[in-house]
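Please keep the sequence and the structure in view while reading.

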Amino acid sequence: MELSMNQRERTVPTSRWLPWHAIVVFAFLYLPIVTLIVYSFNGSGVGGFPPRDLTLNWYRQLFADDAIWTSVLNSLLVAFAAMAISLAFGIPAALALDRANFPGKALFRRLVLLPLILPGIITGLSLLMLFQAGNVKLSLLTIVLGHGTALISVATTEVFAGLQKLDRTQEEASLDLGANYWQTFWRVTLPNLRLSIIGAALLIFTLSMDEIAVSFFLIGRDNTLPLEIWGRLRRGITPEINAISTIIFIFSLAAIVTWYRLRAKAEPELIL
Amino acid sequence: MALRATRDNLATVSEPATTGATPSSASPLLDIRNVAKSFGKNVVLRNISLQVAEGEFLTILGESGSGKTTLLRIIAGFEAASSGEILMGGERLDRLPPYQRRVNTVFQHYALFPHLTVAENVGYGLRVAKLPPQEIATRVEQALDMVKMTAYSAVKPAKISGGQQQRIALARALVNRPRLLLLDEPLSALDANLRRQMQVELKSLQREVGISFVFVTHDQEEAMVMSDRIALLRMGELEQVASPREIYNRPASAYTAQFIGHTNLLSGEVKDGVAHCQSLSWRTGLRDGPGLFSLRPENIRLATGVSTGAAVRFRAKILRQAFHGATELLQVECADGLLLSIRAASRDNWSGDVDLEFSSADAVPVRASEIQQPQGKD
């Protein structure tokens, strides 16, 4: 990495403003998050610059706040359930797209992507209408179903990409060595898709965790975390929200780093 | 570094037949009967009939696109023949799924499982067969020992070289004690030195384990070195099936003669048992009419002493020479303009006019091959 950078500097003339440009972009991206984190430790609340008297008070207050933690629990529940649903439907769909030939395959391939492109408001509204037509009472379950269906496309596209990279002769080798089709799927195909599936799962999990639009339509009595935060914001920003956001940020960072490590281990050549 | 196997550690050479009745040694292990294959309108194989004997090393030789890999895939069970049937030990093989055939394959790019270690790769077939762990462990160890890869058992395939992966692929197939081993150009990814070494090792390994090998290659030299018999495939049809010596010395067609080794193709007229090609004439068993003959460059010698009459003697001018190490390939022109290749001892500057001769018997009558001839292979 170091070496190739040096070589590039020698061969391609670069502007000396480029590093400054990079810093500005990074500042633009990360300054809001840094502000959020800093103010979660600010003794005098969200007002006042520069932040004075650092404190952990907001965190203490946060940990005592049952409503927030119930919503966090609800969000986790929804995210895991949505992950299970979308993977359970998405993986077979990807296999069908990769292996089977059926009429309307090209159309199916495009339609599967639709929920990803469709604005959440439309998805949410249409699901709400469907549930009301079916007389289904809104609850966490309806949110799970909403997230699950909307995110099937993520699972399908990720796993389909993984299948396209898979070396099919490995499956033939497995059959050749006496494993039947089912054994081959479990012992060869699935392990080869491990990265794609973990990637899809992480992506679905994060998308579900911060989803607002669809949830907004399908919410029953139990709040998810984003809706809880949104609800509180209407009553004004409190540093408590900064605190929970900071915690979420740290967990997201950990997830990204884990994913990156896994990938680097499996496919070192893909990592810069 | 030689591959080695002992009879007790690898294949039981004479396993009792599962049916109880021992098949007679004369019946072939594998019997391919009138197999044809087409993909849509594209005919890949036509009317292939071929037998493989117990313990035989048979090479399917052909250019790319000749259908050799398709034939291998049909035997392995990855493709279904469009027509015809395949029997193994007298029983239908082609109706079984690949995982029920006692046939194992060494794939061109080895197809090792990247998520498994070397030892896990080798033990894969035994694990899916649900053998006791103790037996799996011993057999994997023996197979790794056979290919001299014991030291790498805990390593993932990505960490070892192509030649080593090749050995693992071989061990992974042979550990299952197949009745037939299929090899799909397994040496083509190796560099020339390693390839020559592996040719010798593979051949001696096959002798020791006594399993029939069907080896697919486009390399005629490889086929000559390793095979008991060569089946030359051309555009989906069998051109000739014979031992390397016979196929080289008595090629049946112009294509065979040109594909395997260098040759001079002489097209002439036969009259009263004598073939005439421009100013050259020699005795032949062919009937009157047009005739095509293959005359190997090494069968044309520099003439010394008095003509014996048994040999055809002529004078030619040396045009150019190509150095081949131990020998030179000379291009000569006869007085009437006929161009011939001859093989001569290696010497720095061949030039001038020379007296040459060949025996009538060495001009082998061959069947004309329609459509274009392949480019001369080296």
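Predicted model: local features only at pLDDT ≥ 70, side-chain atom pairs only at ≥ 80, totals over all residues.

## Strands, helices and rings

In strand β8 of chain B, Ser212(B) is the bridge partner of Leu180(B). In general, the strands of a sheet are held in pairs by backbone hydrogen bonds, in a parallel or an antiparallel arrangement.

How many of the residues of β7 (residues 180-184) of chain B are buried? Five of its five residues are buried, and the strand is described as mostly covered. The burial concerns both faces of β7(B): Leu180(B), Leu182(B) and Asp184(B) lie on one side, while Leu181(B) and Leu183(B) lie on the other.

Four strands form an open sheet in the order β2-β1-β4-β5, with antiparallel pairing. Its edge strands are β2 (42-52) and β5 (91-92) of chain B, each of which pairs on one side only. Helix α1 (residues 68-76) of chain B packs on this sheet and touches β1, β2 and β4 of chain B; the direction of the helix makes about 120° with that of β1(B). Strand β1 (residues 30-39) and strand β4 (residues 83-88) of chain B run antiparallel and are joined by five bridges. In β4(B), Ile86(B) is the bridge partner of Ile32(B).

A helix in chain A may be considered next. Helix α13 (residues 225-233) of chain A is largely enclosed by the rest of the structure, because seven of its nine residues are buried. The buried residues are Leu225(A), Pro226(A), Leu227(A), Glu228(A), Ile229(A), Gly231(A) and Arg232(A).

Backbone angles provide a further topic. Most residues other than glycine have a negative phi. Ala111(B), however, has a positive phi near 50° and is not a glycine. Ala111(B) is found in the loop between β6 and α2 (118-128) of chain B. Is Ala111(B) buried or exposed? Ala111(B) has a relative accessible area of 3%, so it counts as buried. Glu185(B) likewise has a positive phi, of about 40°, although it is not a glycine. The position of Glu185(B) is in the loop between β7 and α5 of chain B. Since its relative accessible area is 9%, Glu185(B) is buried.

The aromatic rings complete the picture. Over all chains, the structure holds 19 aromatic pairs.

| Stacked pair | Centre to centre | Angle between planes |
|---|---|---|
| Phe26(A) and Tyr30(A) | 6.1 Å | 15° |
| Tyr255(B) and Phe259(B) | 5.6 Å | 10° |

Phe26(A) and Tyr30(A) both lie in helix α2 (residues 18-39) of chain A, where they are four residues apart, about one turn of the helix. Tyr255(B) and Phe259(B) are separated by about one helical turn because they are four residues apart in helix α8 (residues 254-259) of chain B. An α-helix has 3.6 residues a turn, so residues three or four places apart point the same way.

Phe26(A) is exposed, with a relative accessible area of 52%, and Tyr30(A) counts as partly exposed at 41% relative accessibility. Tyr255(B), by contrast, is buried with a relative accessible area of 1%, and Phe259(B) is buried with a value of 0%.

Which charged residue sits over the ring of Tyr255(B)? The charged end of Arg234(B) does so, 4.6 Å from the ring centre. Elsewhere, Arg172(B) lies over the face of Phe113(B), at 4.8 Å from the centre of that ring. Finally, Trp282(B), Phe293(B), Phe314(B) and Phe358(B) are linked by ring pairs into a cluster.

Terms used:
Residues numbered from 1 in each chain as written. Chains lettered and ligands numbered in written order. Heavy atoms only, no water. Buried < 20%, exposed > 50% of the residue type's maximum accessible area, 1.4 Å probe, protein only. Helix = DSSP H or I, 4+ residues; strand = E, 2+ residues; numbered from the N terminus. Pairing = 2+ DSSP bridges. Contact = heavy atoms within 4.5 Å. Axes fitted to C-alpha atoms, helices over the stretch in contact; angles between N-to-C directions. Phe/Tyr/Trp six-rings, centres within 6.5 Å; stacked < 30°, edge-to-face > 60°. Lys NZ or Arg CZ within 6 Å of the ring centre and 35° of its normal.
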